[in-house]
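Here is a short briefing on a predicted model.

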Amino acid sequence: ASYPAIVGEMLASGFGIVGFSWICSPACTELEMVVMDWLAKFLNLPKHFLHETKGPGGGVIQGSASEAVLVAVMAAREQAVQKMRQCRPELSESDIRGKLVAYSSDQSNSCIEKAGVLAAMPIKLLPASEDLVLRGAALKKAIEQDLAAGLIPVICIATLGTTGTCAYDDIESLASVCEEHQVWLHVDAAYAGGAFALEECSELRRGLDRVDSLNFNLHKFMLVNFDCAAMWLRDANKVVDSFNVDRIYLKHKYEGQTQVPDFRNWQIPLGRRFRALKVWITFRTMGAEGIRAHMRKHIDLAIQFEDLVRADDRFEMVAPRALGLVCFRAKGDNEITAQLLQRL
(Lines give C-alpha, C1' and ligand atoms only; values in the text may rest on other atoms or scores of the structure.)
Protein backbone atom coordinates (compact mmCIF):
# COMPACT_ATOMS: atom_id res chain seq x y z
CA ALA A 1 0.00 0.00 0.00
CA SER A 2 0.99 3.65 -0.18
CA TYR A 3 -0.03 6.85 1.58
CA PRO A 4 -1.83 8.27 -1.52
CA ALA A 5 -4.00 5.15 -1.67
CA ILE A 6 -4.82 5.41 2.05
CA VAL A 7 -5.73 9.10 1.62
CA GLY A 8 -8.04 8.10 -1.25
CA GLU A 9 -9.60 5.38 0.89
CA MET A 10 -10.25 7.85 3.73
CA LEU A 11 -11.82 10.42 1.39
CA ALA A 12 -14.02 7.79 -0.26
CA SER A 13 -15.19 6.54 3.13
CA GLY A 14 -15.95 10.11 4.17
CA PHE A 15 -18.01 10.77 1.05
CA GLY A 16 -20.05 7.62 1.80
CA ILE A 17 -21.03 7.04 -1.83
CA VAL A 18 -22.97 3.89 -2.73
CA GLY A 19 -22.36 4.16 -6.45
CA PHE A 20 -24.46 1.43 -7.99
CA SER A 21 -25.73 3.74 -10.77
CA TRP A 22 -24.56 6.91 -12.48
CA ILE A 23 -27.25 9.06 -10.85
CA CYS A 24 -26.02 8.09 -7.35
CA SER A 25 -22.75 9.91 -8.04
CA PRO A 26 -21.73 10.80 -11.59
CA ALA A 27 -18.13 11.34 -10.42
CA CYS A 28 -17.95 7.82 -8.94
CA THR A 29 -18.90 6.17 -12.22
CA GLU A 30 -17.10 8.52 -14.60
CA LEU A 31 -13.82 8.61 -12.66
CA GLU A 32 -13.85 4.82 -12.65
CA MET A 33 -14.15 4.83 -16.44
CA VAL A 34 -11.23 7.26 -16.63
CA VAL A 35 -8.89 5.33 -14.32
CA MET A 36 -9.75 1.97 -15.91
CA ASP A 37 -8.73 3.39 -19.29
CA TRP A 38 -5.58 4.84 -17.69
CA LEU A 39 -4.79 1.38 -16.30
CA ALA A 40 -5.47 -0.37 -19.60
CA LYS A 41 -3.06 1.99 -21.37
CA PHE A 42 -0.50 1.68 -18.55
CA LEU A 43 -0.62 -2.12 -18.89
CA ASN A 44 -0.59 -1.98 -22.72
CA LEU A 45 -3.87 -3.90 -23.01
CA PRO A 46 -5.75 -4.23 -26.32
CA LYS A 47 -7.76 -1.11 -27.21
CA HIS A 48 -11.09 -2.98 -27.26
CA PHE A 49 -10.91 -3.09 -23.44
CA LEU A 50 -11.10 0.73 -23.21
CA HIS A 51 -14.27 2.67 -22.47
CA GLU A 52 -13.12 5.42 -24.82
CA THR A 53 -13.05 3.00 -27.76
CA LYS A 54 -16.29 2.52 -29.66
CA GLY A 55 -17.60 -0.92 -28.88
CA PRO A 56 -18.99 -3.00 -26.04
CA GLY A 57 -15.77 -3.43 -24.06
CA GLY A 58 -14.67 -1.72 -20.87
CA GLY A 59 -13.21 -2.03 -17.39
CA VAL A 60 -14.64 -2.11 -13.89
CA ILE A 61 -13.17 -2.27 -10.38
CA GLN A 62 -14.17 -5.36 -8.40
CA GLY A 63 -13.28 -6.10 -4.79
CA SER A 64 -11.01 -9.08 -5.44
CA ALA A 65 -9.88 -11.58 -8.05
CA SER A 66 -12.39 -14.01 -6.54
CA GLU A 67 -15.25 -11.66 -7.46
CA ALA A 68 -13.89 -11.03 -10.95
CA VAL A 69 -13.53 -14.75 -11.68
CA LEU A 70 -17.04 -15.42 -10.35
CA VAL A 71 -18.48 -12.67 -12.56
CA ALA A 72 -16.79 -14.19 -15.62
CA VAL A 73 -17.90 -17.74 -14.75
CA MET A 74 -21.53 -16.76 -14.11
CA ALA A 75 -21.76 -14.53 -17.20
CA ALA A 76 -20.28 -17.27 -19.40
CA ARG A 77 -22.71 -19.76 -17.86
CA GLU A 78 -25.77 -17.62 -18.61
CA GLN A 79 -24.57 -16.88 -22.15
CA ALA A 80 -24.16 -20.61 -22.76
CA VAL A 81 -27.64 -21.35 -21.40
CA GLN A 82 -29.22 -18.69 -23.66
CA LYS A 83 -27.35 -19.98 -26.69
CA MET A 84 -28.24 -23.64 -26.07
CA ARG A 85 -31.92 -22.83 -25.53
CA GLN A 86 -31.95 -21.43 -29.04
CA CYS A 87 -29.81 -24.16 -30.62
CA ARG A 88 -31.36 -27.11 -28.75
CA PRO A 89 -35.01 -26.22 -28.01
CA GLU A 90 -35.75 -29.87 -27.24
CA LEU A 91 -33.64 -29.58 -24.06
CA SER A 92 -35.15 -28.09 -20.92
CA GLU A 93 -33.22 -25.39 -19.07
CA SER A 94 -32.50 -27.79 -16.20
CA ASP A 95 -31.12 -30.34 -18.69
CA ILE A 96 -28.84 -27.70 -20.18
CA ARG A 97 -27.56 -26.49 -16.81
CA GLY A 98 -26.84 -30.06 -15.79
CA LYS A 99 -24.50 -30.51 -18.77
CA LEU A 100 -22.39 -27.35 -18.33
CA VAL A 101 -18.69 -27.74 -17.57
CA ALA A 102 -15.70 -25.39 -17.17
CA TYR A 103 -11.92 -25.80 -17.16
CA SER A 104 -8.80 -24.50 -15.47
CA SER A 105 -5.32 -25.68 -14.50
CA ASP A 106 -4.55 -27.77 -11.43
CA GLN A 107 -2.13 -24.93 -10.60
CA SER A 108 -4.89 -22.29 -10.54
CA ASN A 109 -5.94 -20.36 -7.46
CA SER A 110 -8.52 -21.83 -5.09
CA CYS A 111 -10.94 -19.00 -5.94
CA ILE A 112 -11.46 -20.57 -9.37
CA GLU A 113 -12.61 -23.87 -7.93
CA LYS A 114 -14.77 -21.92 -5.48
CA ALA A 115 -16.36 -20.00 -8.37
CA GLY A 116 -17.48 -23.33 -9.82
CA VAL A 117 -19.08 -24.25 -6.51
CA LEU A 118 -20.91 -20.92 -6.25
CA ALA A 119 -21.99 -21.04 -9.89
CA ALA A 120 -23.18 -24.67 -9.56
CA MET A 121 -20.99 -25.67 -12.51
CA PRO A 122 -18.16 -28.21 -12.21
CA ILE A 123 -14.71 -26.84 -13.05
CA LYS A 124 -12.31 -29.52 -14.20
CA LEU A 125 -8.74 -28.86 -13.04
CA LEU A 126 -6.63 -30.08 -15.94
CA PRO A 127 -3.09 -31.37 -15.34
CA ALA A 128 -0.44 -28.80 -16.19
CA SER A 129 2.74 -29.79 -18.03
CA GLU A 130 5.96 -30.59 -16.17
CA ASP A 131 6.83 -26.89 -16.28
CA LEU A 132 3.48 -26.23 -14.51
CA VAL A 133 1.97 -24.53 -17.59
CA LEU A 134 -1.50 -25.31 -18.98
CA ARG A 135 -1.47 -25.53 -22.78
CA GLY A 136 -4.07 -25.83 -25.49
CA ALA A 137 -3.44 -29.54 -26.10
CA ALA A 138 -4.67 -30.49 -22.61
CA LEU A 139 -7.73 -28.26 -22.96
CA LYS A 140 -8.53 -29.58 -26.44
CA LYS A 141 -8.41 -33.18 -25.21
CA ALA A 142 -10.72 -32.43 -22.27
CA ILE A 143 -13.24 -30.51 -24.40
CA GLU A 144 -13.40 -33.23 -27.06
CA GLN A 145 -13.96 -35.90 -24.41
CA ASP A 146 -16.74 -33.85 -22.80
CA LEU A 147 -18.43 -33.09 -26.12
CA ALA A 148 -18.43 -36.81 -26.91
CA ALA A 149 -20.08 -37.41 -23.51
CA GLY A 150 -22.82 -34.88 -24.32
CA LEU A 151 -21.54 -32.13 -22.03
CA ILE A 152 -21.46 -28.39 -22.85
CA PRO A 153 -18.07 -26.63 -22.44
CA VAL A 154 -18.58 -23.08 -21.16
CA ILE A 155 -15.40 -21.31 -19.98
CA CYS A 156 -11.67 -21.81 -19.48
CA ILE A 157 -9.96 -19.79 -16.74
CA ALA A 158 -6.26 -19.44 -17.53
CA THR A 159 -3.70 -18.10 -15.08
CA LEU A 160 -0.87 -15.64 -15.70
CA GLY A 161 1.21 -16.03 -12.56
CA THR A 162 -0.03 -19.03 -10.58
CA THR A 163 -0.17 -18.79 -6.79
CA GLY A 164 2.30 -21.61 -6.21
CA THR A 165 5.11 -20.77 -8.64
CA CYS A 166 4.01 -17.76 -10.73
CA ALA A 167 3.84 -19.95 -13.84
CA TYR A 168 2.19 -18.52 -16.96
CA ASP A 169 -0.38 -20.55 -18.89
CA ASP A 170 -0.03 -20.54 -22.68
CA ILE A 171 -2.75 -18.04 -23.58
CA GLU A 172 -2.30 -18.24 -27.35
CA SER A 173 -2.76 -22.02 -27.62
CA LEU A 174 -5.66 -21.92 -25.14
CA ALA A 175 -7.28 -19.11 -27.15
CA SER A 176 -7.11 -21.18 -30.35
CA VAL A 177 -8.99 -24.03 -28.69
CA CYS A 178 -11.55 -21.70 -27.09
CA GLU A 179 -12.20 -19.94 -30.39
CA GLU A 180 -12.69 -23.27 -32.16
CA HIS A 181 -15.29 -24.44 -29.63
CA GLN A 182 -16.80 -21.02 -28.77
CA VAL A 183 -15.68 -21.24 -25.14
CA TRP A 184 -15.24 -18.09 -23.02
CA LEU A 185 -11.58 -17.48 -22.14
CA HIS A 186 -10.87 -15.60 -18.90
CA VAL A 187 -7.37 -14.76 -17.66
CA ASP A 188 -6.62 -14.47 -13.95
CA ALA A 189 -3.52 -12.26 -13.74
CA ALA A 190 -4.12 -11.23 -10.12
CA TYR A 191 -0.42 -10.84 -9.28
CA ALA A 192 1.58 -10.91 -12.51
CA GLY A 193 -0.71 -8.52 -14.40
CA GLY A 194 1.24 -5.53 -13.11
CA ALA A 195 4.23 -6.68 -15.18
CA PHE A 196 2.27 -5.99 -18.37
CA ALA A 197 3.40 -2.38 -17.84
CA LEU A 198 7.09 -3.33 -18.16
CA GLU A 199 8.52 -3.65 -21.66
CA GLU A 200 11.02 -6.25 -20.44
CA CYS A 201 7.99 -8.43 -19.59
CA SER A 202 6.11 -7.78 -22.84
CA GLU A 203 5.99 -11.51 -23.68
CA LEU A 204 3.40 -11.91 -20.91
CA ARG A 205 0.92 -9.93 -23.01
CA ARG A 206 0.92 -12.41 -25.89
CA GLY A 207 -2.59 -13.58 -26.69
CA LEU A 208 -4.42 -11.04 -24.52
CA ASP A 209 -6.07 -9.62 -27.64
CA ARG A 210 -7.94 -12.94 -27.94
CA VAL A 211 -9.34 -13.28 -24.41
CA ASP A 212 -12.91 -12.42 -23.38
CA SER A 213 -12.06 -11.05 -19.94
CA LEU A 214 -9.19 -10.66 -17.51
CA ASN A 215 -8.52 -9.48 -13.98
CA PHE A 216 -5.58 -7.96 -12.11
CA ASN A 217 -5.27 -6.93 -8.46
CA LEU A 218 -3.98 -3.41 -7.90
CA HIS A 219 -3.44 -4.35 -4.24
CA LYS A 220 -0.62 -6.59 -5.47
CA PHE A 221 2.35 -4.79 -7.02
CA MET A 222 0.63 -1.43 -7.64
CA LEU A 223 0.77 0.46 -4.33
CA VAL A 224 -3.03 0.54 -3.94
CA ASN A 225 -4.38 -0.88 -0.68
CA PHE A 226 -6.84 -3.77 -0.49
CA ASP A 227 -9.48 -4.08 -1.91
CA CYS A 228 -9.06 -3.11 -5.54
CA ALA A 229 -9.23 -5.60 -8.43
CA ALA A 230 -9.41 -4.38 -12.01
CA MET A 231 -11.45 -6.40 -14.50
CA TRP A 232 -11.77 -5.85 -18.23
CA LEU A 233 -14.40 -7.28 -20.57
CA ARG A 234 -14.25 -7.57 -24.34
CA ASP A 235 -18.05 -7.41 -24.50
CA ALA A 236 -19.59 -6.00 -21.33
CA ASN A 237 -23.09 -6.48 -22.79
CA LYS A 238 -22.74 -10.21 -22.13
CA VAL A 239 -22.34 -9.53 -18.41
CA VAL A 240 -25.10 -6.89 -18.34
CA ASP A 241 -27.50 -9.22 -20.17
CA SER A 242 -26.73 -11.94 -17.63
CA PHE A 243 -26.96 -9.81 -14.48
CA ASN A 244 -29.40 -6.98 -15.20
CA VAL A 245 -32.49 -6.83 -12.97
CA ASP A 246 -34.69 -3.73 -13.42
CA ARG A 247 -36.82 -2.32 -10.59
CA ILE A 248 -38.66 0.97 -10.46
CA TYR A 249 -36.41 2.30 -7.70
CA LEU A 250 -33.32 1.74 -9.89
CA LYS A 251 -34.58 3.95 -12.73
CA HIS A 252 -33.79 7.66 -13.18
CA LYS A 253 -34.73 10.39 -15.63
CA TYR A 254 -31.35 10.39 -17.39
CA GLU A 255 -31.44 6.64 -18.08
CA GLY A 256 -30.49 5.93 -21.68
CA GLN A 257 -29.33 9.52 -22.21
CA THR A 258 -25.78 9.06 -20.93
CA GLN A 259 -22.97 7.07 -22.51
CA VAL A 260 -21.84 5.68 -19.17
CA PRO A 261 -22.63 2.29 -17.64
CA ASP A 262 -24.46 1.45 -14.44
CA PHE A 263 -21.74 -0.68 -12.87
CA ARG A 264 -24.27 -2.51 -10.67
CA ASN A 265 -24.86 -4.70 -13.74
CA TRP A 266 -21.14 -5.57 -13.98
CA GLN A 267 -20.77 -7.10 -10.51
CA ILE A 268 -22.27 -9.38 -7.85
CA PRO A 269 -23.51 -6.78 -5.28
CA LEU A 270 -25.82 -3.86 -5.95
CA GLY A 271 -23.93 -1.13 -4.08
CA ARG A 272 -20.27 -0.31 -4.61
CA ARG A 273 -17.56 1.81 -3.03
CA PHE A 274 -15.73 4.72 -4.67
CA ARG A 275 -12.53 2.70 -5.23
CA ALA A 276 -11.58 4.70 -8.31
CA LEU A 277 -10.64 7.65 -6.10
CA LYS A 278 -7.70 5.89 -4.44
CA VAL A 279 -6.49 4.64 -7.84
CA TRP A 280 -6.67 8.16 -9.26
CA ILE A 281 -4.79 9.71 -6.33
CA THR A 282 -2.12 6.98 -6.41
CA PHE A 283 -1.49 7.50 -10.13
CA ARG A 284 -1.51 11.29 -9.80
CA THR A 285 0.92 11.17 -6.86
CA MET A 286 3.29 8.31 -7.72
CA GLY A 287 3.11 8.65 -11.50
CA ALA A 288 3.31 5.85 -14.06
CA GLU A 289 7.11 5.80 -13.92
CA GLY A 290 7.09 5.79 -10.12
CA ILE A 291 4.86 2.71 -10.11
CA ARG A 292 7.05 1.00 -12.73
CA ALA A 293 10.14 1.75 -10.60
CA HIS A 294 8.39 0.20 -7.58
CA MET A 295 7.68 -3.01 -9.51
CA ARG A 296 11.22 -3.18 -10.87
CA LYS A 297 12.57 -2.82 -7.34
CA HIS A 298 10.52 -5.85 -6.25
CA ILE A 299 11.90 -7.86 -9.17
CA ASP A 300 15.49 -6.74 -8.47
CA LEU A 301 15.16 -7.80 -4.82
CA ALA A 302 13.91 -11.21 -5.94
CA ILE A 303 16.91 -11.59 -8.26
CA GLN A 304 19.25 -10.78 -5.36
CA PHE A 305 17.49 -13.30 -3.13
CA GLU A 306 17.61 -15.96 -5.85
CA ASP A 307 21.39 -15.46 -6.12
CA LEU A 308 21.72 -15.94 -2.35
CA VAL A 309 19.69 -19.17 -2.45
CA ARG A 310 21.70 -20.58 -5.35
CA ALA A 311 24.97 -19.71 -3.60
CA ASP A 312 23.99 -21.66 -0.46
CA ASP A 313 24.31 -25.44 -0.85
CA ARG A 314 21.74 -26.07 1.92
CA PHE A 315 18.93 -24.94 -0.41
CA GLU A 316 17.57 -25.64 -3.88
CA MET A 317 15.20 -23.88 -6.25
CA VAL A 318 11.78 -25.49 -6.80
CA ALA A 319 10.84 -23.44 -9.87
CA PRO A 320 12.45 -20.65 -11.90
CA ARG A 321 12.23 -17.20 -10.32
CA ALA A 322 9.29 -15.25 -11.76
CA LEU A 323 8.91 -11.51 -11.14
CA GLY A 324 9.10 -11.03 -7.35
CA LEU A 325 8.57 -14.69 -6.45
CA VAL A 326 11.39 -17.08 -5.52
CA CYS A 327 10.36 -20.68 -4.74
CA PHE A 328 13.00 -22.58 -2.79
CA ARG A 329 13.27 -25.36 -0.22
CA ALA A 330 15.81 -26.81 2.16
CA LYS A 331 17.49 -29.90 0.74
CA GLY A 332 16.48 -33.17 2.33
CA ASP A 333 13.23 -34.23 3.93
CA ASN A 334 10.19 -31.95 3.63
CA GLU A 335 10.11 -31.74 7.42
CA ILE A 336 13.23 -29.56 7.32
CA THR A 337 11.50 -27.06 5.07
CA ALA A 338 8.43 -27.17 7.30
CA GLN A 339 10.58 -26.35 10.34
CA LEU A 340 12.27 -23.51 8.44
CA LEU A 341 8.84 -22.09 7.55
CA GLN A 342 7.74 -22.19 11.18
CA ARG A 343 10.94 -20.42 12.29
CA LEU A 344 10.43 -17.70 9.68
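The predicted model holds zero disulfides. A disulfide is a covalent bond between the sulfur atoms of two cysteines. The cut-off for the sulfur pair is 2.5 Å, and the cysteines below can be read against it.

**Cysteines**

- The closest cysteine sulfur to that of Cys111 belongs to Cys156. The two sulfurs are 14 Å apart, which is too far for a bond.
- Cys111 is buried, because its relative accessibility of 8% falls under the 20% limit.
- Cys327 is in no disulfide either. Its nearest cysteine sulfur is that of Cys166, 8.3 Å away.
- Cys327 is also buried, at 13% relative accessible area.
- Cys166 is buried too, with a relative accessible area of 2%. Its place is the loop between strand S4 (152-159) and helix H7 (171-181).

**The annotated lysine**

- Which residue does the UniProt annotation "modified residue: N6-(pyridoxal phosphate)lysine" cover? The annotation covers Lys220, and it comes from an unreviewed entry.
- Lys220 sits in the loop between strand S6 (213-217) and strand S7 (229-233).
- Beyond its neighbours within four places in sequence, Lys220 contacts Ala190 and Tyr191.

**Cavity**

- How many cavities of 30 Å³ or more are there? The count comes to one.
- The volume of the largest cavity is about 30 Å³.
- Its lining consists of Gly8, Glu9, Ala12, Arg273, Phe274, Arg275 and Lys278.
- Helix H1 (residues 3-15) gives the largest share of that lining, with three residues.
- By class, the lining of the largest cavity has four charged residues, two nonpolar and one polar.

**Backbone geometry**

- Phe226 and Asp227 are joined by a cis peptide bond, with omega at about 10 degrees.
- Asp227 lies in the loop between S6 and S7. The loop between those strands also holds Lys220.
- Cys166 is not a glycine, yet its phi is positive, at about 60 degrees.
- Gln182 also has a positive phi, near 55 degrees, and is a residue other than glycine.
- Gln182 is in the loop between H7 and strand S5 (184-188). Gln182 is exposed, at 60% relative accessible area, whereas Cys166 is buried at 2%.

**Single positions**

- Thr29 belongs to helix H2 (residues 26-42). Thr29 is buried, with a relative accessible area of 1%.
- Leu341 is part of helix H10 (residues 334-343). Leu341 is exposed, at 59% relative accessible area.
- The C-alpha atoms of Leu341 and Gly16 are separated by 42 Å. Along the chain, Leu341 and Gly16 are 325 residues apart.
- Glu130 is in the loop between strand S3 (123-126) and helix H6 (136-148). Glu130 counts as exposed, because its relative accessibility of 86% is over 50%.
- Between the C-alpha atoms of Glu130 and Ile155 the separation is 24 Å. Those two residues are 25 residues apart along the chain.

Definitions and conventions. Residues are numbered from 1 along each chain as its sequence is written. This is a predicted model: local features need pLDDT of at least 70, side-chain atom pairs count only at pLDDT 80 or more; totals for chains, interfaces and linings use all residues. Side-chain values use heavy atoms; hydrogens and water are left out. Buried means under 20% relative accessible area, exposed over 50%, partly exposed in between (1.4 Å probe, protein chains only). UniProt positions are given in the numbering used here, feature names are shortened, and annotations may be inferred rather than shown by experiment. Helices (H or I, at least four residues) and strands (E, at least two) are DSSP runs, numbered from the N terminus. Contact means heavy atoms within 4.5 Å. On a 1 Å grid over the protein atoms alone, a cavity is a set of points where a 1.4 Å probe fits but cannot get out, and a pocket is an open set with protein on both sides within 12 Å along at least five of seven lines; lining residues have an atom within 4 Å of a point. Grid points are joined across faces, edges and corners, and a volume is the space filled by probe spheres set on the points. Ala, Val, Leu, Ile, Met, Phe, Trp, Tyr, Cys and Pro count as nonpolar, Asp, Glu, Lys and Arg as charged, and the others, Gly among them, as polar.
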